[in-house]
Amino acid sequence: MAFADYDLEEKFYDEMFASDGTPREQSQKLSEALAALPREELGKLQEGVYRRFLHEGITFTVLGTKASEQIIPIDCVPRLLTATEWDTIERGLMQRLVALNLFIKDVYNERRCLKNKVVPLDIVMGCPQYRMEMQGVKVPYDVYVSVCGTDIVRTHEGFAVLEDNLRVPSGVSYMLACRNAMKEAFPRVYRAHGVREVAGYTEKLSRVLRSLVPSSQGANMAILTPGYYNSAYYEHAFLAGEMGIDLVEGRDLVVRDAVLYARTTQGLRRIDILYRRIDDDFLDPVCFRHDSVLGAAGMFHAYRAGNLVLANAPGTGVADDKGLYAYVPEIIRYFLGEEPLLPNVETYLCREPMGLAYTLDHLDQLVVKEVGGAGGYGMLVGPHATKVERQEYAKRLRANPTDFIAQPTLPLSRTPCLVDGRFGPRHVDLRPFVLQGRDGPSVVPGAFCRVALRKGSLVVNSSQGGGCKDLWVLGDSRC
């Protein structure tokens, strides 16, 4: 039997099987279909989805002493969520983004939440992503964050938010690519599950961004990329192609009379909406990093004058700093008067003496992260680290405690993956994408489902050996 030697461990929630080894109700048809396939057919299924990624050049770039471009690994076994489970995630994410937008607006205007000590002043003002240049700037329809990718994990206790990605969240192209690959490889099983579609994401993204221009009729939009060597360049090119808009680099842009233009073979073309995929620091060498060649001199002036929509707005990183993350539940209560629908993961702030002491005393049990880190870099997974690695990390903590937070090593849920021709459990998380425009937030029913392909690993980042798989949100509300 295909799942006869599948390893269930009681401490991990399994997405497909209950603790007694029987398939969960929503996974019954999928598990039966997979079990009915001969081993060679399973191999062909996995080879088919991999080859689709290979032929389409669905890549990411691993940074190191020498950058290398790689095909992102895809697993052929989809992860399933019921309509009820998805509803919990969707409502929680929309609530969270509304509150974070209100928080960012307040930080750059009245600062009520700082005066009322909802969030410590020094966390905001000391954040490297805080932009004093945004103080008092009028943002179209008060939408600071148009695109948010929030990482969701599940344990036996349910779903929780691991972190918010508000600056330049990536991964949505992998969500769409996984879906296309699985629909082609597993068409009958896909249709039998009544999976909700994600194909309309790029069209929805276009509508959301255009809604931020008072008169979007005839508004020109472009995507700003740092260039070919960026780790997410594939996604930048993919989205530009799907949306039918220009993909531009800083050298393509020029500002004239507080208006942004792209240089084209037909002359200058005005840009009204720029979906930027570079950090604030590099947007405008006049206002931010003076040595940047990735943006355009005068871009922020055009933005401040109201002649350009930037998505996401400069300065939004103040709300996705990992130090600020611990205060999001209070931010929701303060600005919305509601209880958070999705909980945070317990977090210890090393900037606080008690948090630092606890972290140093329990390094072998905790995951420690840099507050401004991303991609799994600079992180310590205590239980998987050596004694020497923990000792070296402790030196960094003592030297700069404000730069770190710590969280329990979570028993992330697991789901079957096809590894070397056999099904084995691997840890997973989700990155759904929340959009917010003039008419409020919305979530496409899908996610970049990341999987830690190394046995026993809890690190799902593609830069650290992780891969991806398709997420099927079932359409039957009875599930």
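This is a predicted model: local features need pLDDT of at least 70, side-chain atom pairs count only at pLDDT 80 or more; totals for chains, interfaces and linings use all residues.
I began with aromatic pairs: rings of Phe, Tyr and Trp (its six-membered ring) pair if their centres lie within 6.5 Å, and planes under 30 degrees apart count as stacked, over 60 as edge-to-face and the rest as tilted.

Residues are numbered from 1 along each chain as its sequence is written, and side-chain values use heavy atoms, with hydrogens and water left out.

**Two ring pairs**

I looked up Y174 and F448, which form a tilted pair at 5.3 Å centre to centre, with 50 degrees between the planes. Helices (H or I, at least four residues) and strands (E, at least two) are DSSP runs, numbered from the N terminus. Y174 lies in helix 6 (residues 172-185) and F448 in strand 21 (residues 448-452), so the pair ties together parts that are 274 residues apart in sequence. I found both Y174 and F448 buried, which is to say under 20% relative accessible area with a 1.4 Å probe, protein chains only.

I then turned to Y201 and F433, whose ring centres are 6.4 Å apart with planes at 65 degrees, so this pair is edge-to-face. Y201 belongs to helix 8 (residues 201-210) and F433 to strand 19 (residues 433-437), so the pair ties together parts 232 residues apart in sequence. Y201 counts as buried at 1% relative accessibility, and F433 counts as buried at 2%.

**Nonpolar cores**

I searched for nonpolar cores, meaning sets of buried Ala, Val, Leu, Ile, Met, Phe, Trp, Tyr and Cys residues joined through side-chain atoms within 4.5 Å. The largest has 79 residues, and F103, V119, M134, L253, L274 and M299 have the most contacts inside it. Helix 3 (residues 83-107) gives the most to this core, with 9 residues. A second, separate core of 59 residues includes V77, C178, F186 and Y190.

**Helix packing**

I examined helix 6 against helix 9 (residues 233-243): they pack at about 70 degrees, with axes 9 Å apart. Axes are lines fitted to C-alpha atoms, for helices over the stretch in contact, and angles run from 0 to 180 degrees between N-to-C directions. Helix 6 is therefore roughly perpendicular to helix 9, a term for angles of 65 to 115 degrees. V172, S173, Y174 and L176 of helix 6 make the contact with Y234, E235, F238 and L239 of helix 9, where contact means heavy atoms within 4.5 Å.

Key:
Buried means under 20% relative accessible area, exposed over 50%, partly exposed in between (1.4 Å probe, protein chains only). Angles under 35 degrees count as roughly parallel, over 145 as roughly antiparallel, 65 to 115 as roughly perpendicular and the rest as oblique.
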